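Welcome! Take a moment to look over the sequence and the structure, and then we will walk through some of the contacts together.

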Amino acid sequence: MIMKKRVVGVVLLLALCMGICTTGCSGAQEKKGSLTVFNYGEYLDPAVLDMFFEETGIEVKYEEALTPEEMYTKYKAGAIEYDLLCSTDYMLEKLIKEGELQEIDIDSMENAENIGDKYWEFSEAFDPDNQYTVPYFWGTVGILYDKTKVNDPVDSWGVLFDGSYSGEIIMQNSMRDTLSVALKALGFSLNTNDENEIRQAYELLEKQKADVQAYLVDEARDEVVAGNAALALVYSGEAYLGKEYNPDLEYVVPKEGSQVWLDSWGVTKNCKNLEMAMQFLDFLCREDIAQMNFEYIYYSTPNDAVIEALSEEERADETLVPTENATENCEVCVQQEPEVVELENELWKELKAE
Amino acid sequence: MNKLKSINKRSWLSSPYIVWIIGFTVIPMIVIFRYALTNPDGGFTFSQITAILDPVHLRALVFSLEIAVGSTLVCILLSYPLVLAMRRLNLGKQGFALFILILPMWMNFILRVLAWQMILSKNGILNFVLKGLGLEPLAIANTGTAIMIGMVYDYLPYMVLPIFNAVAEIDEDIIEAAKDLGAGGLTIFRKIILPLSIPGLLSGIVMVFVPSMTSFVVSDILGGGKLQLVGNIIEQEFTKNMNWNLGSGLSVSLMIFVLISMAFTMKHDVEGKGSAIW
């Protein structure tokens, strides 16, 4: 009997020690609450989350998705209640219109002024009064090309459509990105709702298909790096990495203009603790944190404080800091009319079936 | 009474399987059929199912058929010589040959398809070797041929194994007897091995034809996004266009199509004893 008591005592003591350890060993901070954050894969330095916990005691439950569409589907499925999410311009617009995001007071954020005016203006394309979203990363869509294979300097979308680089072209395997290029090449807005303009752009793509080596997403850059293709339609962030891997590559935003994309954070309507969510957003805008994320991702940052701290060489790199000139004719993608989206989906299938 | 008890006991044992089937086959099927028979507003319609007759969808279906039939035929042509060679080996070597055949299946299927992409791409391994031999490089990447190579590579074991099972069971005495009566190699194959291996061949056909008919990953990776099978359209409807009704409708049409081809196979199977592999 005594023996048994002793065993129980030891077990209790052990349990007590472990209890102390699990609460005490994780550092000086006590857990004050938690946030469920939804973001794209590899789109935030994991060390940032640890730092956030150390400083505020708020634990971040981190969830990832690969594409805006996947994010939307997962969000709508409702299996997990997300407090914050980071998504892309047109998807944020959709979420705002559906009432899925709640209004936030951006002026209450200490570090919001680190984000340059230009980016708040970009945001207005989908968040007209800057009430819902905080810019996170941005960039352009342009042509990544191999200087050893493309002789003339590239400055126009025409190079993708005039047939001179047949079999050497890689387009994006996404209806919106590829169609935007054709619309811009014809001098139309990439947000057009005019069926006639869209059909003209489709005809251009149909003619181009014979010259296209492949429609890819993430591999588009790799194929140019590996020398399998001469030109590819890519996002500026991808182009930066491509140039790191292969110094013969160059990136250009054609003069007709292109797409400017913007990924921003918003707070969902399900978020119970708005104060904590705002703390997180403010934290992301802080210079040192934005710097860490920038060095982790190497997309263009809207954080002016980080840009100012860049080296001369980095600031001159158009893949990191797009120039005013390059973005002059560019547009942010916004949601088109439902009938137009349906038409584009149909045309995209038709293009693939050719 | 005793008998009844033992039956009860047995059906109790199958309950995990029943739960599994209900949770992961029956309920999802009901959901898919519900989507397939409604339009996005919730009204009843057959148009999602008949959408397969749309020229764009029909073209993808025909292309899927071509790829699936082609892959199946190539698999059959590759399997028989291999099986006949394996039949002659002694038991230990046979085991080793089977092991070699199955070995690649231990690796993730998508990784293997990606490897093919590296081999077939313009500056890939194949063209590197061809150039080294002073031959013209081939432009296989992003064509139907590339998709078929990927399918054949992935599904070949599913053809070889059932055929091998059937052929290995053929009594050696029958073949000896045929030889004694003056039959040549071709006659033996035509009159003995082929007819007796039909059950294996049929289950092989189903196991190669069905997945290659419905696949979308292989065509996505090796077709460079330029070619689309029905599977690609269905995937796109679900993930990009958010049109689950059309996606489900096309899935149901495809399912009907596959069931018809399976029924066709089964009808011929009743004569043989049927292979238990699927």
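Let us begin with two helices: T178(A), L179(A), A182(A), L183(A) and A185(A) in helix 7 of chain A meet E197(A), A201(A), L204(A) and L205(A) in helix 8 of chain A. Here, two residues are in contact if their C-beta atoms, placed from the backbone, lie within 7 Å. Helices (H or I, at least four residues) and strands (E, at least two) are DSSP runs, numbered from the N terminus. By class, this contact of helix 7 with helix 8 of chain A has seven nonpolar, one polar and one charged residues. Ala, Val, Leu, Ile, Met, Phe, Trp, Tyr, Cys and Pro count as nonpolar, Asp, Glu, Lys and Arg as charged, and the others, Gly among them, as polar.

How do the axes of helix 7 (residues 175-185) and helix 8 (residues 195-208) of chain A cross? They come within 9 Å and cross at roughly 105°, which makes helix 7 of chain A roughly perpendicular to helix 8 of chain A. Axes are lines fitted to C-alpha atoms, for helices over the stretch in contact, with angles from 0 to 180 degrees between N-to-C directions; roughly perpendicular covers 65 to 115 degrees.

A word on the source: this is a predicted model, where local features need pLDDT of at least 70, side-chain atom pairs count only at pLDDT 80 or more, and totals for chains, interfaces and linings use all residues. Residues are numbered from 1 along each chain as its sequence is written, while chains are lettered from A and ligands numbered from 1 in the order in which they are written.

Now for chain A as a whole. Chain A has 16 helices and 10 strands, and its C-alpha trace spans about 90 × 45 × 45 Å along its principal axes.

Both chains have assigned domains, with bounds from an automatic or database domain assignment.

| Domain pair | Distance between C-alpha centres |
|---|---|
| Domain 1 and domain 2 of chain A | 27 Å |
| Domain 1 and domain 2 of chain B | 31 Å |

In chain A, domain 1 is 31-138 + 261-321 and domain 2 is 140-260 + 326-353. Their contact takes 17 residues from domain 1 of chain A and 15 residues from domain 2 of chain A. On the domain 1 side, helix 4 of chain A gives the largest share, four residues.

In chain B, four residues of domain 1 are in contact with seven residues of domain 2. The domain 1 side of that contact in chain B has four nonpolar, no polar and no charged residues.

How values were computed. Parallel < 35°, antiparallel > 145°, perpendicular 65-115°, else oblique.
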